[in-house]
Amino acid sequence: MQYNMLINGEWTEASAEAWYEALDPSTEGVIATVPRASREDVRSAIDAAREAFDKGPWPRMSPDERGDVLERLAALVEKNADELAALESLNGGKPIRQTSFADVPMAIEHTRHFARLARTLGDEVVDLPDIGVKSRVVREPIGVCGGIIPWNFPLLMAVWKIAPALAAGNTLVLKPATYTPLTALEYAKLVMTAGVPRGALNVVTGPGAEVGEELTSNPKVDRVAFTGSTEVGRKIMAMAASTVKKVTLELGGKAPMLILEDADPGEALRGSLFGAFLHQGQICLAGTRLLLPSSLHDSFLSRLVEKAKTIRLGPTSSWETDMGPLISAGQRKRVEGYISTGVKEGAKLVLGGRRPDIMEKGFYIEPTIFDDVSNEMTIAQEEIFGPVLSVLTYDDLDEALALANGTEYGLGASVWSRDLKRAEDLARRIRAGTVWVNHHHILSCATPHGGYKQSGVGRELGIWGLHEYTELKHLFLDESGEAMKEAFGLVLPE
Ligand code: NDP
């Protein structure tokens, strides 16, 4: 199947007629050809978005009108849910159960949420009694936005960049990850069907080093929102600096799952496996460091290993499959590199670490658990983005907190205890953007998502995420003229 990209309302090939192949990571087979955009193509997309912002109807529509269009978009996504779930599974290496029951329903709900929030954007009146006027604080769109997204949630990440940008009246250029462009392109088709005018959304497919860098450094782009590795996030921040673009960065994580002695053992066990192995651990919020009290260590770990053995690896199209492949051969190699580093640095491999015998093709790797991990080890510090769980042990809660906070990241964390008061107290002392008590991973479109420390800048989702796509203008309206007279009197006597 051949896909085209979206520039100024037209579905086009790359100007150099260059293509690349998108794969199914569970079979390694080619599923589509996709345009490989050049910098010139990106500049055309940026020009279209600029024109649509400066002269087009989208930024000038009322919040309610934009809300109506996004509402129609959510309904279209719902209508196409099964096809989107199948494609997300095929290209993203996700079991069909996950894309059908999580990714696509979230894409619908999050689109709908931004449709609702679009309608809330209006002026605020601020009383200035000292000056004797009422001022207005106006929320305006920022302008042309660039969105750069990763391969782990291809559809949902597209929604997170497109829906709030459009809801606030911006125009944008989206760059999907090279591995996983297909559902973002399908979503863009629905955006156009819903009635978003030409040029307001453009989608350009191609490598980060060209498409992403052009988007980040081009002076006609006002804002960049990026989700991906901390390493690339640093580059984006540096590139955006030359034109002082606004940036939001949602970067890496190394989430601790802090199990307290009084945790419900069944829930903590299931939660740990869910936290660590959902989507093969390729999630920035993945619970990759399990912090166990030494008193529970042996019994908890042996049950954890037994339970992890029951996770079923298989083809992503099967409803029986719990875990699919990693996204690419390169990602698997990277994860295998971390596993051998873990062994070399003295951690004890208690489960997995290998490619499964049962899968002849595909970038699979077994659920892997390391015990005896110390916090200085590479596998305790670096984002692996694979099904690799590190178990660390603590003797008291101060030590547990030091471990929980002891990385450069601060995206997510969870605390597991039946004593909610104590759990909340610990949660408040963990330096992370999201801390769950007795859960891991659950995300709502109504609450903010983002990182402390080197896990990011800014927030996505909820009203906080929408406000990141707005500029604030202070509109001073001196209706009586009295304030002016008084102020000018300071240097110009009547
Ligand atoms: P990257 O951070 O490289 O990629 C994320 C997005 O940024 C992709 O669209 C990519 O394009 C683009 N990109 C890459 N280089 C640049 C650049 N110089 N300028 C602008 N955009 C760029 O992640 P990888 O896919 O390489 O994965 C490597 C590691 O990153 C993973 O193992 C994981 O640790 C981490 N990661 C973290 C994610 C998170 O959500 N926190 C998500 C994905 C990865 P392209 O696809 O063309 O390379």
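User: At about what angle does helix α9 run to β12?
Analyst: This is a predicted model. Helix α9 spans residues 265-277 and lies across β12, β13, β15, β16 and β18. Against β12 (255-259), the helix runs at about 170°.

User: Which strands does helix α11 touch?
Analyst: Helix α11 covers residues 329-344 and packs on the sheet. Its direction makes about 25° with that of β15. The strands touched are β15 and β16.

User: In β16, which residue is the bridge partner of Ile369?
Analyst: Strand β15 (residues 368-371) and strand β16 (residues 388-394) run parallel. Three bridges join them. The partner of Ile369 in β16 is Leu389.

User: Which strands stand at the edges of the open sheet of seven strands?
Analyst: The order is β14-β15-β16-β13-β12-β18-β19, with mixed pairing. Each edge strand has a single partner, so one side of each is left without a neighbour in the sheet. The edges are β14 (348-351) and β19 (434-437).

User: Which residue in β6 stands opposite Val125?
Analyst: An open sheet of three strands has the order β5-β6-β22. Its edge strands are β5 (124-128) and β22 (470-476). Five bridges join β5 to β6 (residues 133-141), and the two run antiparallel. Opposite Val125 stands Arg136.

User: Is Leu490 buried or exposed?
Analyst: Leu490 lies in the segment after α16 (482-488). With Met484, Phe488, Val491 and Leu492, Leu490 makes a nonpolar surface patch of about 590 Å². Exposed means over 50% relative accessible area. Leu490 has 76% relative accessibility, so Leu490 counts as exposed.

Conventions: Residues numbered from 1 in each chain as written. Predicted model: local features only at pLDDT ≥ 70, side-chain atom pairs only at ≥ 80, totals over all residues. Heavy atoms only, no water. Pairing = 2+ DSSP bridges. Helix = DSSP H or I, 4+ residues; strand = E, 2+ residues; numbered from the N terminus. Patch = residues over 30% accessible without salt bridge, like charges linked within 9 Å, V, L, I, M, F, W, Y side chains within 5 Å. Areas by Shrake-Rupley, 256 points an atom, 1.4 Å probe, with all protein chains shown as cover. Salt bridge = Lys/Arg side-chain N within 4 Å of Asp/Glu carboxyl O. Buried < 20%, exposed > 50% of the residue type's maximum accessible area, 1.4 Å probe, protein only. Contact = heavy atoms within 4.5 Å. Axes fitted to C-alpha atoms, helices over the stretch in contact; angles between N-to-C directions.
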